[in-house]
Amino acid sequence: MIEHHHYHPVLLASALDEARADGRRCPVPAQLLGTDLAIWRDAAGTVHAFDDRCPHRGASLSLGRIEGDRLECAYHGWQFAPGGRVVQVPAVPGWQPPEGHRARSYRAKEAYGLVWVALVPAGADDADVPEPPLPAFSAEGDAELRKVNCGPYDVATSAPRIVENFLDMAHFGYVHEGWLGARDNTAIEPYRVSATEHGFLATECRAWQPQSSVQAAGGAMVEYTYEVNAPYTAILTKVPDAAAVKVRGFRESIAMFVCPIEPERSRVWIRLAMLDWTSTDAQLQGFQHTIFSQDQPVLESQRPRRLPVTAQAPVTELHCAADRASTAYRRYLKERGITFGIC
């Protein structure tokens, strides 16, 4: 499946640095595309993703612990090097396990405060499976913008449903009434959608918002730019009327990164990059939590939970001019052969 060749977020990177009560660091369990993973960091700080199954007798490697540059299984103490090879079997001292004795290891990276995994063998030749790019988030490199992660949010629906909702402005006045929209001002002006190398942009998107951010000083017309550059990533840049914010020159970009755990179960992180050095992390996270908590029950109510895109889908959904971004997203998925969470 082509989704396996993309990087997806699986957990906060900070989770790898948490110690048990006895002071030892341990691998952290995660799930991606129906696969159980054990994520760990070696002594050099490099992240690794193993299949969460010891090849000896099938115990979960995430129950084990980290010994320097090795992951140790909790069942028999077998130790694995970063590439997955078995390097020590305590029950047979002095034995050198053969090359084929190894745990399955996948490509893993750290970015945006998250661990990303592609379900491609870590040693795979790029000629066979090229190294995919991480989803780009240009605001990450802007030192003037403060970065804060929000979530995770576990949602009982498919990843495409969540991304499509993020791209939708027409629900603001109803789902986010009094925050991102007003019931008496819901008309969506025509906006532009244009293709990019890795996806598409929706520009000239405008919406009236009573409370567009923590720093909003009142209602304002806010201009949005949406970007999709990976199957389950969407980025929003918001530019409010300058007179309607408390911080001079205020700007923000918001990235939504969705982990497709199973076809109808997802985990969501939101990465903020904003010109706000006065609010606390809790305040910024609280605002996003409020907004996402309003979206979640609607998302989980949608049927089918998988996005109905194919000709074999059990239902056909209707569209209007305000749905340009979401219909562009559906085309994007079809053109790239994305099928996980699709019906």
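## Sheet

Two strands count as paired if DSSP finds at least two bridges between them. In this predicted model, six strands form an open sheet in the order β1-β10-β9-β4-β3-β2, and the pairing is antiparallel. β1 (8-12) and β2 (28-32) are the edge strands; each has a single partner strand, so one side of each has no neighbour in the sheet. On average, and with direction ignored, neighbouring strands of this sheet are turned by 35 degrees against each other.

Within the sheet order, β10 stands between β1 and β9. Strand β9 (residues 105-111) pairs with strand β10 (residues 114-121) through six bridges in the antiparallel sense. A111 has L114 in β10 as its bridge partner.

## Largest pocket

The largest pocket holds about 360 Å³ of space. Its lining consists of 18 residues, and E164, D168, Q302, D323 and S326 are the closest to the pocket centre. Three helices, α1 (159-166), α3 (281-301) and α4 (324-335), each contribute at least two residues to this lining. By class, the lining residues of the largest pocket are six nonpolar, six polar and six charged.

## Second largest pocket

For the second largest pocket the volume is about 290 Å³. Here 16 residues form the lining, with H6, P132, P133, H198 and N229 nearest the centre. The lining of this second pocket comprises 11 nonpolar residues, four polar residues and one charged residue.

Technical notes:
Residues numbered from 1 in each chain as written. Predicted model: local features only at pLDDT ≥ 70, side-chain atom pairs only at ≥ 80, totals over all residues. Heavy atoms only, no water. 1 Å grid on protein atoms, 1.4 Å probe; cavity = no way out; pocket = protein on both sides within 12 Å on 5 of 7 lines; lining within 4 Å. Points joined across faces, edges and corners; volume = space filled by probe spheres on them. Helix = DSSP H or I, 4+ residues; strand = E, 2+ residues; numbered from the N terminus. Nonpolar A, V, L, I, M, F, W, Y, C, P; charged D, E, K, R; others polar. Axes fitted to C-alpha atoms, helices over the stretch in contact; angles between N-to-C directions.
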